[in-house]
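Please read them beside the sequence and the model.

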Amino acid sequence: MNILEKLKQKAKNLKKRIVLPEGDDERVIKAAHDAANEGLATVTLLGEEENIRNKAKSMGLDLGKVEILNIQDDEKKELYAQKLHELRKQKGLTLDQAREWLKNPMYYACMMLYEGRVDGVVAGAVLSSPDVIRPALQIIKTAPGIKLASSCFLMVVPDCPYGANGTFLYADAGFHPNPSAEELAYIAITTARTAQLLLGVTPCVAMLSFSTKGSAKHELVDKVIEATRIARSLNPELLLDGELQADAALVPEVGQRKAPDSPVAGKANVLIFPDLNAGNIAYKLTERLAKATAIGPILQGLAKPVNDLSRGCKAEDIVLQIAVTVLQTQF
Ligand SMILES: CC(C)(COP(=O)(O)OP(=O)(O)OC[C@H]1O[C@@H](n2cnc3c(N)ncnc32)[C@H](O)[C@@H]1OP(=O)(O)O)[C@@H](O)C(=O)NCCC(=O)NCCS
């Protein structure tokens, strides 16, 4: 069984409920159908029932296992408006404004999650990333002990002897353009937790740089050294080391030569990049040149899982994000 099948199998066992707010989109309808029929989760689509059923019919899909909720007719609508107002009144949100926000299905989905009616939200096939992430941060907020939400990609590299049998987590490749040392430390700790959840392996975290253990001196390197120190002080149990170059982090012989005393060098399965330039470029190069499968961006560090999609996604990408979101309910 490959890692993607294993992820799906684990998701099936958890029996969670996922809401997809972009119910009018054909890829989302297909993903809802496939995820529900595969038993990955109980799936709710938000949208106008007749419209969604007609679209599904024209696609040859039977949505018998999918719940469809028209938020205009939902009996919880007013209750959610009151709860949202309560949640954000200190930020100046009036009850009328809360009602207005809830006309947006993404906000509605986040309130369903907040209230425990579903266990996760997946969106972004139509909405932009900020329009998915903002409601999640405003309503769901970060998990206890985590100051910062961030994002990572699950990279599955074929015929690769490194990492966890060719599987890695890359962070942050989609959220924080230029994290401070402290933010980088939080990204590392959160990604380690995501690795444990998704891969079921002991995370081995490399704080990447263009320097290995003092081989180069620069303020950019200093940031990674400081982030390593902070991450260690926050979580001394974690197998984490830096600063390391990518080859020293991944390849046992190079790790042995460049950082012989490092517990991580040559064994890393979680790669933490110093900024979004490095992380985003690395994940796209790995995807294109090594023919890797990239799953994400996976939002991490939230109190309950909300995941974003690329607007260029296919139905199968949405199905995988549903499986990932189900596993993140264990964060
Ligand atoms: C995070 C993001 C939604 C912020 O949007 P914004 O309109 O500037 O909103 P704000 O700065 O007012 O933040 C909204 C809320 O999120 C919180 N927030 C922002 N970033 C956060 C983070 N990393 N972790 C936790 N909370 C965060 C803010 O504290 C605020 O909460 P509050 O309203 O309860 O006080 C937006 O910048 C974004 O989507 N960034 C990442 C996506 C992206 O562009 N990636 C690069 C492409 S590869």
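1. By class, the lining of the largest cavity has 4 nonpolar, 3 polar and 1 charged residues, where Ala, Val, Leu, Ile, Met, Phe, Trp, Tyr, Cys and Pro count as nonpolar, Asp, Glu, Lys and Arg as charged, and the others, Gly among them, as polar. Among the lining residues are Leu299, Lys304 and Phe331. A cavity here is a set of points on a 1 Å grid over the protein atoms alone where a 1.4 Å probe fits but cannot get out, and lining residues have an atom within 4 Å of a point.

2. This is a predicted model, in which local features need pLDDT of at least 70 and side-chain atom pairs count only at pLDDT 80 or more, while totals for chains, interfaces and linings use all residues. Residues are numbered from 1 along each chain as its sequence is written, and side-chain values use heavy atoms, with hydrogens and water left out.

3. Two peptide bonds deserve a look. The bond from Gly242 to Glu243 is cis, with omega near -5 degrees, and the one joining Gly296 and Pro297 is also cis, with omega about 0 degrees. Pro297 lies in strand β10 (residues 293-300), a strand being a DSSP run of E of at least two residues, numbered from the N terminus.

4. Most residues other than glycine have a negative phi. Lys15, however, has a positive phi near 50 degrees, and Asp159 has a positive phi of about 50 degrees. Lys15 counts as exposed because its relative accessibility is 69%, and Asp159 counts as exposed at 83%, where exposed means over 50% relative accessible area (1.4 Å probe, protein chains only).

Definitions and conventions. On a 1 Å grid over the protein atoms alone, a cavity is a set of points where a 1.4 Å probe fits but cannot get out, and a pocket is an open set with protein on both sides within 12 Å along at least five of seven lines; lining residues have an atom within 4 Å of a point. Helices (H or I, at least four residues) and strands (E, at least two) are DSSP runs, numbered from the N terminus. Buried means under 20% relative accessible area, exposed over 50%, partly exposed in between (1.4 Å probe, protein chains only).
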